[in-house]
Amino acid sequence: MNFEVIKRSHIKRNILISVVVVLMLTAIILTFTKAKYKITESMPLVNGTINYELSDFNLIGAYIQEGDNYIQVNGIPTSGYEFNSKKSYCTVNNENINATLNYDMETQTLNVAPLTTKGTKCYLYFDEKASGGDYILAGDNPPTNSTTDWTGGTSYYYTGNPNNWVQFGEFWWRIIRINGDGSIRMIYQGTSANETGTETQIGTGAFNSSSDKSYYVGLVHDGSSQHGSGQNSTIMTTLNNWYNSNLASYEKDYIDTGAGFCSDRNLQSGSWSATGSHNYAAYVRLYNKGSESASLQCSDVDILSQDNGRLPNPIGLITTDEAALAGVTWNNQKESYLNTGQDYWTMSPYRFGSSNARVFIVNVNGNLGNSSVYGAWGVRPVINLKSAIAISGSGTTSDPFVVVTS
């Protein structure tokens, strides 16, 4: 008998049995693991992405500030609050652990470091963000007038020559109004507290380089329709370039990208065409009139903002209605902080006729006027600050409102 052959045969059979056993065990483990991880979730962490069973990492507490206290809520807030990393903490078996927490409100991502123990539970606290509008309204120099705007909320606006001075982004501004959504609309005033003169504008230029089509009255247009967007006017390009050079770095934390601007391209009556003669709605409201007909309403098709994709940047111009409410009207000159002794553009269409697109301006005398879009007049940017920002100061030139940026 060949014992060597028998021995090799036994070895092969043992190896085969071992392979089968390993394969069976592998199949069992994979099946168990697959079933187990049907109830897991992936959490982005500072040192990578780790899978934890839902029962292992249980975020059981979210608390928001309400006055001097905190109340538990069912979900993590998405706006109006900021994460309090000092007050937030994690526990294991009801004992605090030494962990650093950070919650990104924008990406809704929680970072916990280190996270090495199962059964970790975290308690997140969120503080109310300061409301700049509330601060101004409660101060010594609040807006004195109000009306409902297109948000459906109450807008508080300044008139006359008020203490509405602001320092923001290395520039001086004047507050036009606190919008109905709480954001703060303001107009450029210069690099110092100038009340009049060319320093109150970033330069002069045309509203548009062409005037032979009705759509050229738009801050933006599409080259074919009444309420279009997608193509910038000449003045929109000027505003974009200035914004990108001077304010873009402040956008994330301080500038409201959704508040928008009203480019009211509705007509007095009749049907629109690119070459037909039209009086625009603001012409009807404000030509040869005072402020009593001014309106802060706006149809949705003419609300221009970065968030709705109709503006490349969250910057625009003052509207004729806002100017009228502040005291700049057609036939009734009043003292107004908007009178800079310069001619400058608004963004409100006036009329179109005889191949000439015309837009409202604030003229050198502090009244409303109008100009063909290729006229060279002053450019005064308008922006909206977020409602949930901290502000100090009282609004005077010696103690202006200052946006707290640190």
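User: In which loop of this predicted model is Glu170 found, and is Glu170 buried or exposed?

Analyst: In this predicted model, Glu170 is found in the loop between strand E13 (165-168) and E14. Its phi is positive, about 70°, although Glu170 is not a glycine. Most residues other than glycine have a negative phi. The relative accessibility of Glu170 is 71%, and the cut-off for exposed is over 50%, so Glu170 counts as exposed.

User: How does Gln108 count by its relative accessible area: buried, partly exposed or exposed?

Analyst: Gln108 has its place in the loop between strand E8 (100-104) and E9. Its phi, near 55°, is a positive value in a residue other than glycine. Buried means under 20% and exposed means over 50%; the relative accessible area of Gln108 is 47%, so Gln108 is partly exposed.

User: Is the peptide bond from Ala113 to Pro114 cis or trans?

Analyst: Pro114 is placed in the loop between strand E9 (109-113) and E10. Most peptide bonds are trans. For the bond from Ala113 to Pro114, omega is near -10°, and the bond is cis.

User: What is the handedness of the disulfide between Cys262 and Cys298?

Analyst: Cys262 and Cys298 are joined by a disulfide, S to S 2.2 Å. Cys262 lies in strand E19 and Cys298 in the loop between H5 and E21, so the pair ties together parts that are 36 residues apart in sequence. Because the torsion about the S-S bond is about 90°, this disulfide is right-handed.

User: Which residues are linked with Arg185 in a network of salt bridges?

Analyst: The structure holds eight salt bridges. One of them is formed by Arg185 and Glu322, whose closest N and O atoms are 3.1 Å apart; this pair links strand E15 (residues 184-190) to helix H6 across 137 residues. Arg185 counts as buried at 2% relative accessibility, and Glu322 is buried at 4%. The network links Arg185 with Asp149, Arg177 and Glu322.

User: Are Arg285 and Asp264 buried or exposed?

Analyst: The side chains of Arg285 and Asp264 meet in a salt bridge, 3.1 Å from N to O. Arg285 belongs to helix H5 (residues 281-286), whereas Asp264 lies in the loop between strand E19 (261-262) and strand E20 (278-279), 21 residues apart. Both Arg285 and Asp264 are buried.

User: With which residue does Arg310 form a salt bridge?

Analyst: Arg310 lies in the loop between strand E21 (303-304) and helix H6 (320-325). Among its contacts beyond four places in sequence are Val220, Ser229 and Asp300. Ser229 is 81 residues away in sequence, yet its C-alpha is 5.7 Å from that of Arg310. With closest N and O atoms 4.0 Å apart, the salt-bridge partner of Arg310 is Asp300.

User: How far apart are the end C-alpha atoms of helix H3?

Analyst: The buried residues of H3 include Ile235, Leu239 and Trp242. What covers the buried residues of H3 includes E15, helix H4 (251-254) and strand E22 (344-353). At 1.5 Å a residue, the 13 residues of H3 (residues 234-246) should span 18 Å, which agrees with its end C-alpha atoms being 19 Å apart.

User: How many residues does the largest nonpolar core have?

Analyst: Phe168, Trp173, Leu219, Leu247, Leu317 and Leu338 have the most contacts inside the largest core. Leu317 touches residues including Phe207, Leu219 and Ile235. A second, separate core of 13 residues includes Tyr81 and Phe83. The number of residues in the largest nonpolar core is 71.

Technical notes:
Residues numbered from 1 in each chain as written. Predicted model: local features only at pLDDT ≥ 70, side-chain atom pairs only at ≥ 80, totals over all residues. Heavy atoms only, no water. Helix = DSSP H or I, 4+ residues; strand = E, 2+ residues; numbered from the N terminus. Contact = heavy atoms within 4.5 Å. Buried < 20%, exposed > 50% of the residue type's maximum accessible area, 1.4 Å probe, protein only. Disulfide = S-S within 2.5 Å. Core = buried A, V, L, I, M, F, W, Y, C linked by side-chain atoms within 4.5 Å. Expected span 1.5 Å × (residues − 1).
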